[in-house]
Every structure is written in structure tokens, then in C-alpha cells.
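Please look over the two-chain complex shown below. The briefing that follows takes it topic by topic.

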Amino acid sequence: MPDRPPQVITLGHGSGGRLTGELVRDVFLPHLSNPRLDALGDAAWLPRVEGRLAMTTDGFVVSPRVFPGGDIGCLAVYGTVNDLAVGGSVPLALSASFLLEEGLPIDELKGFAASMGAAARRCGVEVVTGDTKVVERGHGDGVFVCTAGVGRLRDLPPTGVASVELSDEVVVSGPVGDHGGVIAALRNGLDPGALRSDCGPVLALVDALYAAGVRPRFLRDPTRGGLATVLAEFAKEAGRTVDLREADLPVRDEVHAVCDLLGLDPLYLACEGRVVAVVPGGQGAAAAAAFACVPEGKGAAVIGLVVPRESGPVALSTRYGGRRLYDTPTSEPLPRIC
Amino acid sequence: MADALAAFRDPARVQSLAADIRALQPGRPVRLMHVCGTHENALCQFGLRDLLPLWLTLVAGPGCPVCVCPASDLDQAVRLALVPGVVLATFGDVVRVPARTSLADARARGGDVRVVYGAADAVALARAMPDRQVVFFGVGFETTACTTAAALLADPPPNFSVLCSHRLVPPALDALLGLPGVAPEGFLLPGHVITVTGLSAYRDLAARRPIPMAVGGFEPVDLLLAIRDLAEQVARGRPRVGNDYGRAVRDAGNPAALAAMDAVFEARDSAWRGIGTIPVSGLGLRGAFGDRDAAARFGVAPDPDVADIAPGCRCGDVLLGRLSPEDCPLFATACTPDAPVGPCMVAFEGTCAARYRHRR
């Protein structure tokens, strides 16, 4: 049966010929179909939009590709949608580019396409254009995904770091470090147990914040580098220190356990479905309550304050009355010797 | 695990121990030293130094295993990593430590450098890759040395070998006490190490050089129990070897671990980075394990031309507690965590790196 599709990705799937067409028709379109993508043009035409546009792009190389709570397919949608959302815009359309390694099982790729389609529908956004390339075996790690997105800027985006004032409050939408904790556990042969990645959309969280009448100064999704890195970058730019209270900081016991075993710090672990917001002083409780009103915001908390610049951009007041300082990390967190 | 640890993370208990320490009031400054990277990490993680009275300082001695690993050994590891077919496996925090170059540089230049959690992981790598040569770069004190020994005794596959750079704690304490102007008034002893070794070597040391010593664990309550013990010994002028980590440390240590180390290693005079050679302070493979010696297997001998410490770097004095990092001319200018010159700026718990984070 010469016409039977091969079960693994071959270099032919990247040739632009018949196999590429089959891949698009059999793997991607069933899950991502919409009029703009289905046209299969070189460029998708988007509807006319009132107002300013925002644009972002991100690459996804997560290993393992499938993990409790998600996979590289949905992560590639949420990552880009969330960057648009915390940048103060409402996502309109995405592009997706797949870099596939020769030998990748096609059923696995179908799973990622399905997961990507479901994530896009959950976010109310379409993947309107895409591309696939195939690299020789040994030249990739199964599959890398790059997505880009455009969104319409809100009328009142975050006011920006320049508007930050002392006593502004820092709010997080849920427990931190779940995604990084799951990935670290899996990479080191630990059973993550009930722990799942928080991989998910933050659009509803941002909408809830605005619906509650809270206009944030600063909004970010603490992905790579985690909460400590995002806040350290923010504090340096603002010329202030962020003073966090350990007792108020939501971190799951399972994440603490993974970190204790592997010598990692939860504050440097990636989140993939959380928002950290800096809001005007006195509006922290309202922001946390707004987050907690949507399912993605369970466990939201006011975790700290903006204070005058001290030693270190981020200071954590520990449960014991001491202080711990955080800065932007130098490199990928590496486990300690003992 | 969280439940088991709750009693050792009880804020009220911590506050009460801190109050006991503050009440001692010896009427003069007291300088204590720990010799353990994990102690430094725990002190930072829980913010415990802020709870100590101003008269009490707790400095980091040469206990960060990554910091005391000689540049010459690191250089051998780098050269081994670049031997075709070799996989160099080691602990994560060794990877960025600079010598002539670092293992991170070696990886970028095509060397296969893998981060593992211990020797057993490296043996598993060797079994999984029978056509490659896996070299485990064994760094660290007795805590990690016994695991290297256990791996070598468990009949690892023939493609597994070791670059051995393990060090022993008691000879270093002995040497510190012999250096004028360096010795602290008491040692906070490393709980993990002594879980392995037991207390006899420290009792011998105390018999020759009486100085307050106390074994500490790694939770806030453990640490403050040991610090209170030391402060009391200093205040009362009655030095002894206290064991404040009784739930892990036995007088005789871990006999199986000690037997494994004795079977595999012999103690040798060894170099400590920035400090110099300390008698019988390191471990080498016994003759029976000579075929597992990676340096011999691949003909990668130590290079006498490798500078142990870069010109201007004062890590040696910092490691001995003789110099504050801020007083090093390179601190925060030529030497930063992003571009470290000396080893103390690399590890998270390295004295210079910790001080860099705390600078204004």
C-alpha cells in the first residue's frame, strides 16, 4: 500500500510536496480549522480592527513534551495568548510554526494539534496561519513550536513601571511554581503525584481585574525564571524594592517537596497560567478578590508591597522574621551538590 | 515530609531559641564559623542571620565544596569532557565554576557534560550508553564521597570511571586552627557530613585543640539549637563537641558508609583552592580501583601551569574568613555572578555571591 501515510515524520513531510499537504490536511486542519487557516494562503487576512495592535512571539522547547496538566501544543497557545493578555491586549489571531524532528510519531503530533486546537478555542482565538519544517534526526528534540500572536490593545492598558508608587501592592493569581515543579520532578525521575502544571489561559483573570475596576500598573505572567525573576526585573526598572511576605505567598506543599529534594527554589520556578499584578496601594484586596472570582484564580493572594530601594530588588520576609534577597538569576537553576 | 518537618520549622520555637541566644550577652563580639554550603543556603533561605544578636557573627568557612575544588582538578574535568566519546557527569553547581575555562564552556564547545544528582545516576548513564565512556567528577566532602565509594563497590559497568576530588572536613578544621588570625571561637559542624563520619574525629580534634563545636541540622530549629549550644559554650568557657542533630547523627556515624569509603579511598595530602595543600585532607582511589581512575584511563594528568586563583582574586582569603568580599578589588566590578572570576562568586551559597545579592 504505497499511499498509506507513514507513521513517523520523515524528511518528505518538510518538502512542501504531497506529504506536507497530507500533514496539513490530516494532522493540523482537523483540529485548527477556521476560514482563514483553511484558505491555506501564504498570508492570512484578518478582519478590520479598531484601535492599536499588540504583537508577540514565543518559542516552545519543553521537555518532556507531555506532562501532567498539559503538553507542548497547548503550552504554545497559552504562552503567546498570555503574553498578549498581560501586555494589555485582547488576542485576535495566532500563527504556529512546527519544527519537527525526523522520526517523531505522527500520532504524537496529532495529540499536540488537538491540544493546540482545544486551547485556542478555550481562549477564543484562531490559529490563522502556520508552517512546518522537518529537521534530520538528531537535529531537534522531537518537536519545537513557535507561535506569534496579534491582539487589540485595551483602551486602558497597564499604566507602566514609570507610574509605580511606594505602597503599591503586589498580587498573584494563584500558587506559584506548579509548572516548573512538575517539569523538574519528571526530568529527575520523581513522581509528581497529584501535582499538575498550571498551564492555562490568564485572559479571564485579566478581564476580571479590569471588571473590578482595578487598572494595574504592571502585569506579567511569571514564566521562565518564575516570580522572583519577574519581580526583580520590575523592581530594578522601577528603582524600588518589592517586599514579599513568605507567610502570604501561595506555594503548594508538593512544590516545596520537589524543591527540597532537588535543591531548587519555588520562586524561580516557571508558572504557565498565573498572573502577577502590581496595583495601586489599597487595591490589592480588590485585585485578589477579582482573581479569585474566576476558576483560574483560586488561591489568589496579596503577597507584598513596593517599598523604597533597599539592598536587593526583591526581599522576602521569612516566617521567622528574617529577610531573604532575590535577584535575577544568572543562569538556568542548577541543582546544588548536597 | 512537610508534617515531619513542621516541628523543625515552628516560628514560635525559632523565636524562643533566638531569644535564648540574645540573652547570653557575653559582653564582647563572638565569631563562629560554619563549614557547610548547605548551612549557608539554609541560613539565607530562612533569613536566620537577622535573628542573631549583633555581638554574634556566623561566617562561612571553607565548606562550599565547589569553592574549594582546586582549579587544576576542574581543568582536568574540562579536558576529560572534551575527550571524544566521553560523557562527563557531575553535580550541577560545579558546571559554571571557572578554572582556565569551565565545564559550561566545555559543553558549549561540544563536550558532553551532564548534571547528575550523584554517582549512582552517573553509573545509570554508563549502563544506558555502553558505547560511551562515562566519567563521574566526584566533588564534595564525606557526604558525597561515600556515594562515590558505594557506586564503585557495586560493580559498575567497565565504561564508568571517576575523577576523584573528594575532600575531608576534620583536617581542614585542624589546619584552620593552626592559622593565626583565622580561627573562629567555635565551629558549627556540618550535619550531613557527620551523619556519615560520626563524632570521633571531632572528639580527637577537641582533645588536641579545645574549641566549642556543635553539630547542626538544616531546618531553622536545628540551626538555632546548634548556634545556641555554641554560644553557651563560648559564654561559659566550656568547649565540648555538642550534637544538636541527634535525629540523624550517631556517635559512630554510618558504619556501612565508612566501610565503603575505607575500601575504596585512601587519604592523601590535597590542595584546597586558594588555601593550599592540607595534609591528609583529600581522598584518592586505592590501587585496587586504579582501573577506575579517569585521569589515568584517558591520560589527562594535572597541568601544573593552571593558576589556582586568577590574578587579583582574593577567594582564598574570603574562604578563610580573613577578608570581606567587599574588600576584594574585583568584587562587583570585574567579578559578578554573571561573569565570576573566583569560585566564591559562582555557587548560590558562595560567600561573594551571597554578599553581592545583599549589596546596596
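**Confidence and conventions**

Chain B of this predicted model averages a pLDDT of 93, and 98% of its residues score at least 70; pLDDT is the predictor's confidence in each residue, from 0 to 100. For the complex, the predictor gives an ipTM of 0.77 and a pTM of 0.86. Because the model is predicted, local features need pLDDT of at least 70 and side-chain atom pairs count only at pLDDT 80 or more, while totals for chains, interfaces and linings use all residues. Residues are numbered from 1 along each chain as its sequence is written, and chains are lettered from A and ligands numbered from 1 in the order in which they are written.

**Overall build of chain A**

- Chain A holds 9 helices and 13 strands; helices (H or I, at least four residues) and strands (E, at least two) are DSSP runs, numbered from the N terminus.
- Chain A is as compact as a globular protein of its length, because its radius of gyration of 21 Å is close to the 20 Å that the globule rule gives for 338 residues.
- That radius is taken over C-alpha atoms, and the rule is 2.2 Å times the number of residues to the power 0.38.
- The C-alpha atoms of chain A fill a box of roughly 70 × 55 × 30 Å along the principal axes.
- Buried residues make up 51% of the 338 residues in chain A. A residue is buried if 20 or more other C-beta atoms lie within 10 Å of its own, exposed if 12 or fewer, and partly exposed in between, with C-beta atoms placed from the backbone.
- Among contacts in chain A between residues at least 6 apart in sequence, 85% join residues at least 24 apart. A contact needs C-beta atoms, placed from the backbone, within 7 Å.

**Domains of chain A**

- Chain A splits into domain 1 (11-153) and domain 2 (161-326); the bounds come from an automatic or database domain assignment.
- The centres of domain 1 and domain 2 of chain A, taken over C-alpha atoms, are separated by 28 Å.
- In chain A, 18 residues of domain 1 are in contact with 21 residues of domain 2.
- On the domain 1 side, helix 3 (72-86) and helix 4 (106-123) of chain A each give two or more residues. Helix 3 of chain A provides the largest share, 9 residues.
- By class, this domain 1 side of chain A has 11 nonpolar, 5 polar and 2 charged residues. Ala, Val, Leu, Ile, Met, Phe, Trp, Tyr, Cys and Pro count as nonpolar, Asp, Glu, Lys and Arg as charged, and the others, Gly among them, as polar.

**Helix 5 of chain A**

- Helix 5 (residues 178-187) of chain A is largely enclosed by the rest of the structure, because 8 of its 10 residues are buried.
- Among the buried residues of helix 5 of chain A are Asp178(A), His179(A), Gly180(A) and Gly181(A).
- The buried residues of helix 5 pack against strand 2 (66-67), helix 7 (226-238) and helix 8 (253-262) of chain A.
- Gly189(A) follows helix 5 of chain A and has a positive phi, near 70 degrees.

**Overall build of chain B**

- Chain B has 16 helices and 11 strands.
- A compact globule of 360 residues would have a radius of gyration near 21 Å, and the 20 Å of chain B agrees.
- Of the 360 residues of chain B, 56% count as buried.
- Chain B is divided into domain 1 (2-65 + 176-243), domain 2 (68-168 + 253-297) and domain 3 (315-358).
- In chain B, 14 residues of domain 1 are in contact with 10 residues of domain 3. Helix 3 of chain B gives the most to the domain 1 side, with 4 residues.

**Where the chains meet**

- 38 residues of chain B are in contact with 22 residues of chain A.
- Elements of chain B that each supply at least two residues to its side include helix 2 (11-22), helix 3 (37-46), strand 5 (133-140) and helix 8 (142-153).
- Helix 3 of chain B contributes the largest share of that side, 6 residues.
- By class, the chain B side has 18 nonpolar, 12 polar and 8 charged residues.

**Helix 8 of chain B**

- Helix 8 of chain B is mostly covered, with 10 of its 12 residues buried.
- Its buried residues include Glu142(B), Cys146(B) and Leu152(B).
- Just after helix 8 of chain B, Asp155(B) takes a positive phi of about 55 degrees.

Conventions. Contact = placed C-beta atoms within 7 Å.
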